[in-house]
Amino acid sequence: YGNAFYLSTNAKGCNTSAIWRAHKHGALFANPCFTQIHPTCIPQHGELQSKLTLMSESLRNDGRIWAPKNPADCGRDPREIPEQDRDYFLERMYPAFGNLVPRDIASRAVKHICDDGRGVGHEINGQKLGVYLDFADAIKEQGADVINEKYGNLFDMYQRITSEDPTQQPMRIYPAVHYTMGGLWVDYNLMTS
């Protein structure tokens with residue numbers, strides 16, 4: 001049922017047909033609305049887009065999430081925004097966990113920042129839906145080779161999709177529906193009726 005959401009990381013062919021067929025054969029239906037939302041998807045970049053791409057949550061291990069403090073800076077090149085004008089909002093809001101807060105908390109925080117007018121990237125329906133995931137500090141501390149060893153395939157994928165090199169400028173991310181679960185009732189042995 002990911003298609004209930006206009007954009008998600010699900011393919012349009014993922015349409016609950018297997019769950020529905022099992023239900024029609026007598027399997028009990030339960031918890032059909034369990035939906036996983038990830039904060040690290042590549043933001044929507046156009047009105048004709050049909051799905052979103054998830055970047056691995058592992059990126060938050062070394063990447064720092066931030067947005068400009070001043071909405072007037074949201075159109076600037078992120079590399080030109082000085083450190084004191086950046087809001088590392090997850091680190092500020094949740095100092096014990098920082099960028100590693102659970103995905104639902106990170107997703108809500110990112111949406112709140114964008115709703116507050118501090119989103120970055122492409123404007124969709126009058127709003128910019130993105131924040132930065134920045135690896136500059138990790139590259140300085142650990143070296144480009146170490147970071148590329150960890151995330152090179154993800155960086156390549158991001159660059160192919162956006163034409164932006166995340167080793168040279170921050171990635172842009174925004175929450176998206178990633179996975180829809182539930183639908184069939186199961187017991188504690190994971191058996192359906």
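Predicted model: local features only at pLDDT ≥ 70, side-chain atom pairs only at ≥ 80, totals over all residues.
Colleague: Is R118 buried or exposed?

Modeller: Buried means under 20% relative accessible area, and because R118 has 9% relative accessibility, R118 counts as buried.

Colleague: Which polar partners does the side chain of R118 have?

Modeller: The side chain of D87 makes a polar contact with the side chain of R118 at 3.1 Å, and a polar atom of the R118 side chain also lies 3.1 Å from the backbone oxygen of P68.

Colleague: How should I read an aromatic pair, and how many does a search of the whole structure find?

Modeller: A pair of aromatic rings is described by the distance of the centres and the angle of the planes. The search finds five aromatic pairs. One of them, W66 with Y132, is tilted, with 4.7 Å centre to centre and 40° between the planes. W66 lies in strand 2 and Y132 in strand 6, so this pair ties together parts that are 66 residues apart in sequence. Both W66 and Y132 are buried.

Colleague: Which residues do ring pairs link into a cluster, and where does the charged end of R86 sit?

Modeller: The cluster consists of W66, Y88 and Y132, linked by ring pairs. The charged end of R86 sits over the ring of W66, 4.2 Å from its centre, while R64 lies over the face of Y88, 3.8 Å from the ring centre.

Conventions: Residues numbered from 1 in each chain as written. Heavy atoms only, no water. Buried < 20%, exposed > 50% of the residue type's maximum accessible area, 1.4 Å probe, protein only. Polar contact = N/O pair within 3.5 Å; in protein donor to acceptor, adjacent residues only side chain to side chain. Phe/Tyr/Trp six-rings, centres within 6.5 Å; stacked < 30°, edge-to-face > 60°. Helix = DSSP H or I, 4+ residues; strand = E, 2+ residues; numbered from the N terminus. Lys NZ or Arg CZ within 6 Å of the ring centre and 35° of its normal.
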